[in-house]
Amino acid sequence: MTKKERVAEYSRKIEDIYLQQTSKSREIIEDAKRFVPDGDMRISIWFEPYPAVMAKGDGCHLYDEDGNDYLDFSNNWTSMVLGNNNPRVVEAICKQAPMGSAMAAPPKRAYEWAQILCERIPSMERVRFCTSGTEAVMFAIRAARAFTGKDKILKMEGNYHGSYDPMEMTVGWRRLPPGLPKSAELDMLVVPFNDKIAAEKMIKENKDELAAVIVEGVMGAAGMIPPEDDYLKFLEETAHANDVLLILDEVISFRLSTGGTQEIYGVKPDLTVLGKAIGGGLPSGAFGGRKEVMAVYSPRHKHPAHHAGTFVATPIAVAASVAGLKELTAEAIDRINGLGWSLAKGLQSVLDELKIKAQIKGYGSLQQIHFSPEPISTASTAFFTIDRDILRLFHLSLMNKGIFIPNRGFFAVSTPMGEAEINRAVEASAETLTELKPLIEEIAPQLIG
Ligand SMILES: Cc1ncc(COP(=O)(O)O)c(C=O)c1O
């Protein structure tokens, strides 16, 4: 039997359980194909045979249309750090909703939101809002270009910064997906993450044309890989020594401390990009930084850069964001980081006991399993040395056991969770990995030992 046939045979067993448990989801997705291509509306949440359709969320639980109860370790890709329906956030939304949801004038509370963010992130002297992390990245890059008068941007291999065309380079695919113009790569430079020598060389060689270096606080989409050996500080110093700006993308990493990873690693970027967890669960984004740089957007600037958006800082989103940030205190963050570290320890001991050479990478409340025997610190190791068949089966088996993780294999801890939830995730992973071990021995022997 070939590896492919063996995997297919094994998958059927796991898929059969999934199909039985989620028959209503299947019907809904099948029917939706009449209007939505193959029923998918967000590629990052799609997996085969189809994703369970969720009916509701409650704290750290999600319930699908068949009534299955899942512990939600996806946190909507890390954004639902408070879980679903946090009472303070719900209250803020309900108070605001009868008073209007969008108007072409700034709501007063948006300035409070700005103040909270600037106070939490001292490098962010001025901030502006938008509706997603993608937009925040786009407008931060625009600010850097407007301020420096230079066009080139250096990004790190595997760093995901949303769906803005030039940022789609090197995020796990060997060639660009269709639909991106060749010009997307124009003015873009790329070096491996955590590689100081490559970054320094590229920055020095391009300093006269390079507007900014953009980097994630923790490499999220590539697998929750933290920066190593003062990498972020090194980027800051090297960029500044060469008159280049540093943009820190904290869309994922903000939740790791009250001031994001810049607080953890002592870094002072020129611009910071935010999204996900800053929004209290509603769509939101923000970008900000040094006041001289952000002044390019001042309407009183002699030739302002352009930033608009029909749904910028709408009152309901602002109410949820402000309430959510007030709940996301230093104590709450410390607690979920602690739970995340014990999850990592628990998962790693399961792997060690079973002698499976996979590894857990992450920081605090964000942890990921990598089915690779190679040390994981760059995107190429994370994307191209893992066994994707085993990851897929691990993911679907956990779904069958009521543990909802993204199919990429990360675990995001939210504030409604406690030790009981962490223990459940470790136990379900132990059960799954014990079941999978004979298959791993057969088709991925490099992972045993
Ligand atoms: C680090 C990072 N930056 C930017 C984005 C884009 O954010 P959004 O999906 O809100 O557009 C993401 C999304 O996952 C992200 O992980």
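At what angle do the axes of helix α1 and helix α15 cross? The legends below begin with this pair of helices and then turn to the sheets, the ligand and the backbone of this predicted model.

**Figure 1. Helix α1 and helix α15 come within 11 Å of each other.**
The axes of helix α1 (residues 3-21) and helix α15 (residues 419-443) cross at roughly 170°. Angles over 145 degrees count as roughly antiparallel, and α1 is therefore roughly antiparallel to α15. On the α1 side, the contact involves Lys3, Arg6, Val7 and Tyr10. Their counterparts in α15 are Glu435, Leu436, Leu439, Glu442 and Ile443. Of the residues in this contact of α1 with α15, 5 are nonpolar and 4 are charged, while none is polar.

**Figure 2. An open sheet is formed by 4 strands.**
The order of the strands is β1-β2-β3-β13, and their pairing is mixed. Strands of a sheet pair through backbone hydrogen bonds, in either a parallel or an antiparallel manner. Strands β1 (54-58) and β13 (403-404) stand at the edges; each has a single partner strand, so one side of each has no neighbour in the sheet. Strand β3 and strand β13 run parallel and are joined by 2 bridges. Within this pairing, Leu71 stands opposite Ile403 in β13.

**Figure 3. Strands β2 and β3 form a hairpin.**
Strand β2 (residues 61-64) and strand β3 (residues 69-72) run antiparallel and are joined by 3 bridges. The bridge partner of His61 is Leu71 in β3, and that of Leu62 is Tyr70, also in β3. The hairpin has 4 residues between the strands, and Gly67 takes a positive phi near 90°.

Strand β5 (residues 152-157) pairs with β6 in the parallel sense over 5 bridges. Lys155 stands opposite Val190 in β6.

**Figure 4. Residues including Ser132, Tyr160 and Glu216 surround the ligand.**
The surroundings of the ligand also include Gly133, His161, Gly162, Val251 and Ile252. Thr134, Asp249 and Lys276 belong to these surroundings as well. A polar side-chain atom of Thr134 lies 2.6 Å from an oxygen atom of the ligand. In the side chain of Asp249, an N or O atom is 2.7 Å from a nitrogen atom of the ligand. In the side chain of Lys276, an N or O atom is 2.8 Å from an oxygen atom of the ligand.

**Figure 5. Backbone details are shown at Pro49 and Asn75.**
Most residues other than glycine have a negative phi, and most peptide bonds are trans. The peptide bond that joins Glu48 and Pro49 is cis, with an omega of about 5°. Pro49 lies in the loop between α2 (23-32) and β1. Asn75 is not a glycine, yet Asn75 has a positive phi of about 50°. Asn75 lies in helix α3 (residues 75-78).

Notes:
Residues are numbered from 1 along each chain as its sequence is written. This is a predicted model: local features need pLDDT of at least 70, side-chain atom pairs count only at pLDDT 80 or more; totals for chains, interfaces and linings use all residues. Side-chain values use heavy atoms; hydrogens and water are left out. Axes are lines fitted to C-alpha atoms, for helices over the stretch in contact, and angles run from 0 to 180 degrees between N-to-C directions. Angles under 35 degrees count as roughly parallel, over 145 as roughly antiparallel, 65 to 115 as roughly perpendicular and the rest as oblique. Contact means heavy atoms within 4.5 Å. Ala, Val, Leu, Ile, Met, Phe, Trp, Tyr, Cys and Pro count as nonpolar, Asp, Glu, Lys and Arg as charged, and the others, Gly among them, as polar. Two strands pair if DSSP finds at least two bridges between them. A residue is near a molecule or strand if one of its heavy atoms lies within 4 Å of it. A polar contact is a pair of N or O atoms within 3.5 Å; within protein, one must be able to donate a hydrogen and the other to accept it, and residues adjacent in sequence count only if both atoms are side-chain atoms.
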